[in-house]
Amino acid sequence: MDITSNPTERIGRNPSLSVIIGIRNWGLDRLEVAIRSHRSSNTEDLEIVISDYGSDNSSAVRKIAERFGCGYVYTDADVWSRSAALNAGIRIASSQNILTTDGDIIFSPRSHEVLLSNLSRMPDSVQIIQCRDLPEGYGAEGLSSFDWDELCSVSSIRPRWGMGGSATFTRALFSRLHGFEERMTVWGGEDNDFVQRARRSGALLNWVEDPAAQIYHIWHAPDSRGASPAGAKTIEQNKKILQNDHTIVRNLSRSYRGSAPFVPTVSIVIPIGERPGSLRESLSSCLRQTFQDFELLVVSDGSGEGLRPILNAFDDKRIRLLELGESRGPGFARNCATALAQGEFITIHSDEDIMLPRRLERQLAAIIDDCAGSYGGSIGFDDQTGALTLNPGRRAFDCASMMFGRTPSHTSFLVRRRVLEHYRYNENFLVDSEYHLLNRIARAGIRLTHCGHYVVFRRIHANDPAGTYLSAQKPTAGISKAMARSTVSADRDHQLGKASRANPQAEMDLSEVIDAIRHLPPRLLAKSMRLEFMVPLPGSSDTFKFLASALASHRSITFEFDSEGSRGIVAVTIPLDDASSSQDDIASRFARIGTIASADEVVLPLAYPNLPILEHDLLSGPDRKGETLGVGRDIEGILRVIGKHCGRCVLSTGEDDGYRLDLPPLGPATGTLVRAKLGGFLTNGRRVDAEV
Amino acid sequence: MKTETVIESSERTTTVRYTPENYDAYPPAAMAWVDGRVIERNRDREAAAHALLLFPFVSGRLCPARGCGVDVAKPLRELFLPRNVLIEGVEMAPARIPTGTRTAIVCDGSYRSAALLKTRKADLSFRLSESAYTTLIGPRNVVVASNFGVFANQEGQLNILVPAIAAALLFCEDLGIVRLVLPVHDLTAEEAELLGRLSALLASVNISVETPLLGMDFAALSRSLPDLSGLEIFLAERHEHITCVEDLPDFWLAQLLLAQASGDRTATTQARDRVKILLRRGCRLSAGEQDLLSSAQSASNGQVIAQPDMKSTT
């Protein structure tokens, strides 16, 4: 358990700088000397936080912290991690400016002032003071007072290998990078890693060269880091992370929300129009994210009185409401939200849509090198049937694809706030201002990367704004494309078109869609049971009699046939809408006609009776439709025909004098042949030859 | 930071390419570009433009591909203070320094820009546009389609102008510009320092900087503002993403100044309240503008605010 005491409760206001010292089983005498040097600073409103990462002598450390008026946080830990210790300290620190350092580094009195001055000139930076090493004889015991001129003359300057024991930056930068890398244990590499990520995210590294700012390393006997095989392995692991991991945002399973002023890493923006009908589902999906350091900015764009109670019911301090009064359109609402957002990244969400739980985690993890954000695939779902349509998005985000190709869903984007502060939604476009925005961002050369996953469910229903304004939407996108294309030569236009075609859709595993289905609203889902037989079922009349009886009781069965050899039935899927039949009962009943290899519960949208049909529809696209026929009750004859030519079919009860037969999409020749062979069984205006 | 200007004739764009080095930050876009070809490319002005454009991102050293003259190297280095930035490729041989005759107002679409048009007679107005697809170069107006604006990464009246100054610098010789007028009125201490260093840098390449509004009393500034309809047209043309100028804090700040100047208490209250609403929606004001708002608040609470200049206008 963490033990925390926060000095700002006593100070009562935010200090200009929080000094964070991470320690574990540290020499207390050195720690005292280090704290004394900070307390001698001519910057008076300093906050010092001691982050004790599992010291054996924690009570002694705490006493020192109390004696010098420092904040103190203790973390129970088996292995020393300087990164985790600093992050824990920053979490409870109360200043917007952070100085991380060690318990054996002393600072000259004007160092803090210089660092703060530099930070005010370069807010997006990491300020580093080059450390000087004190020689033997200048240990803690010899530093009862500080003669800075003497210390300067006896010390030796340390090369710029690392960050030299201190780094100063803003809390906003900390939130953007989401802390020091906690996979790095013990110490070594974490400062460098932090600075490299800061630079890739747009913050510069400044080596402070003001002689008034001096820091010294108190002499002590070298520690044992790296001496043992385990230590060497740790150093190697840290080095690998530093060299090979090009991501910017880290520690995505952790949260640094604390009692201190919190700067969220992400602002989720949800503009809400006049009908916040699906808002609860939408908000819940945001709050269930695996990455939790976000704020949720709800913009009421004429949504009326009903909104506030819905938000209050969530009782979550991360939810902020911006009320705009009259509706001015989504572009205006989103621009207003950008102006108020505190997060370093903004993701636009819709009150109609559902975020997949790992959306933020995956999109943040995808931001590599100097990318300003990421995007992902979206899955459209019909609000009545749950039918799915996929928009995986293009693999690369570029100007050509925006000018010619299908756009990734706007609500799958996560972008740096500063990009959206410059590139705003054009409020003149009542719909699809997002397309125009993305077009301009692509043209600007802002780098965004595909995260390689589906990240959001997009609701599609009759009242969807995209549907309502479809007639306006096409011209808007067309205008935007035309503006972009009209300014380039015909040759260049041709080149861009070619480049767009060369940018393929992102490839994502269908299993991801199937896994995501459980996050759809429960009312759109149906459970079923798929029984796979060890060998294809025998084509005996007893088998077909049993199947007819099962069909009568379960009302619908999906049959899958052996694609080679016997062409017999290899699996059946039965809906689980009958509460009276347990899964075990069903399995034991079907075991009478064949040995069951596996019995799996399947959760699918209502639109899909079974998994193969869902897979087929998603892979072949909505244009390739299957066929539905009314057939008589000769189940044996029907299944024998289907088994020879089709991989699967669905038989359902409900027709007055027969069954409903759903066939998968078939090729022209196969379709003609199957329809001809089924001719004798059809009930649609034809005689039914046989009855079971 | 290694920098280079590339003219891509097939695309009619001028691109600034860069390669960040050890201490540099990575800029927000893959490259910086302006739509349009810069014809006359003076080496020193190009280096100064690169330095200004990439000002928030350079640390360690600046290496313009074509180098720079020795007389430009010092102000270039000092521009970055307190960063210690080394300038690479410094040439000792004397080189031509371009000149010109024209004065350009660098427009940022603020009410200050509108006031500047009346305060300072200029030959042309120069501004950047992120939403225009082509550059417009006319005798009196230059609107440069560009992504330079996204390179400004700090708040502040001068900070947000710096990329536009960099772009203007690239076009200065072609357009005969020798003087830039900046619509700054109220700078932070850091920006005031930067203005001094920036002016010294531009002076070294024969461009002078004027800031006629800097530190001017708000009452005097209000006398330079256009009337309501003029203001609406000015702001609407320069803020292409909006549908209504009343959404802009600049509109209401100008209204506040005009109302105070005319002694119209009702209009003052309305403008003050609208600015306060916009503040709650995240708009940011300079320290001077915050004082202006406070004084309007105090006035409506019945306190008498001493405004000597106002008396002469009411």
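Me: What does R328(A) form a salt bridge with?
Reply: Its partner is D247(B), and the closest N and O atoms are 2.5 Å apart. Keep in mind that this is a predicted model.

Me: How many salt bridges are there between chain A and chain B?
Reply: The count between the two chains is four.

Me: How many residues does the contact take from each chain?
Reply: Chain A puts in 48 residues and chain B puts in 42.

Me: OK, and how much area do chain A and chain B bury between them?
Reply: About 4100 Å², with 48% of it on carbon and sulfur atoms.

Me: Which three residues supply more of the area chain A buries than any other three?
Reply: That would be R121(A), R199(A) and R443(A), which supply 17% of what chain A buries against chain B.

Me: Switching topic: what domains does the assignment give for chain A?
Reply: Domain 1 covers 3-244, domain 2 covers 266-514 and domain 3 covers 522-681. Between domain 1 and domain 3 of chain A, the C-alpha centres lie 67 Å apart.

Me: How is chain B divided?
Reply: Chain B has domain 1 (2-91), domain 2 (102-210) and domain 3 (218-305). For chain B, the C-alpha centres of domain 1 and domain 3 are separated by 38 Å.

Me: Back to chain A. In what order do the four strands of the open sheet come?
Reply: The order is 6-12-8-9, and the pairing is mixed.

Me: Why is one side of strand 6 and of strand 9 left without a neighbour?
Reply: Because strand 6 (105-107) and strand 9 (156-157) of chain A stand at the edges, each with a single partner strand.

Me: How do strand 8 and strand 9 of chain A run, parallel or antiparallel?
Reply: Antiparallel, with two bridges joining strand 8 (residues 131-133) to strand 9. As for one pairing there, R132(A) has I157(A) in strand 9 as its bridge partner.

Notes. Residues are numbered from 1 along each chain as its sequence is written. Chains are lettered from A and ligands numbered from 1 in the order in which they are written. This is a predicted model: local features need pLDDT of at least 70, side-chain atom pairs count only at pLDDT 80 or more; totals for chains, interfaces and linings use all residues. Side-chain values use heavy atoms; hydrogens and water are left out. Two strands pair if DSSP finds at least two bridges between them. Domain bounds come from an automatic or database domain assignment. Contact means heavy atoms within 4.5 Å. Buried area is the accessible area (1.4 Å probe) that two parts lose on being put together, summed over both. A salt bridge is a side-chain nitrogen of Lys or Arg within 4 Å of a carboxyl oxygen of Asp or Glu.
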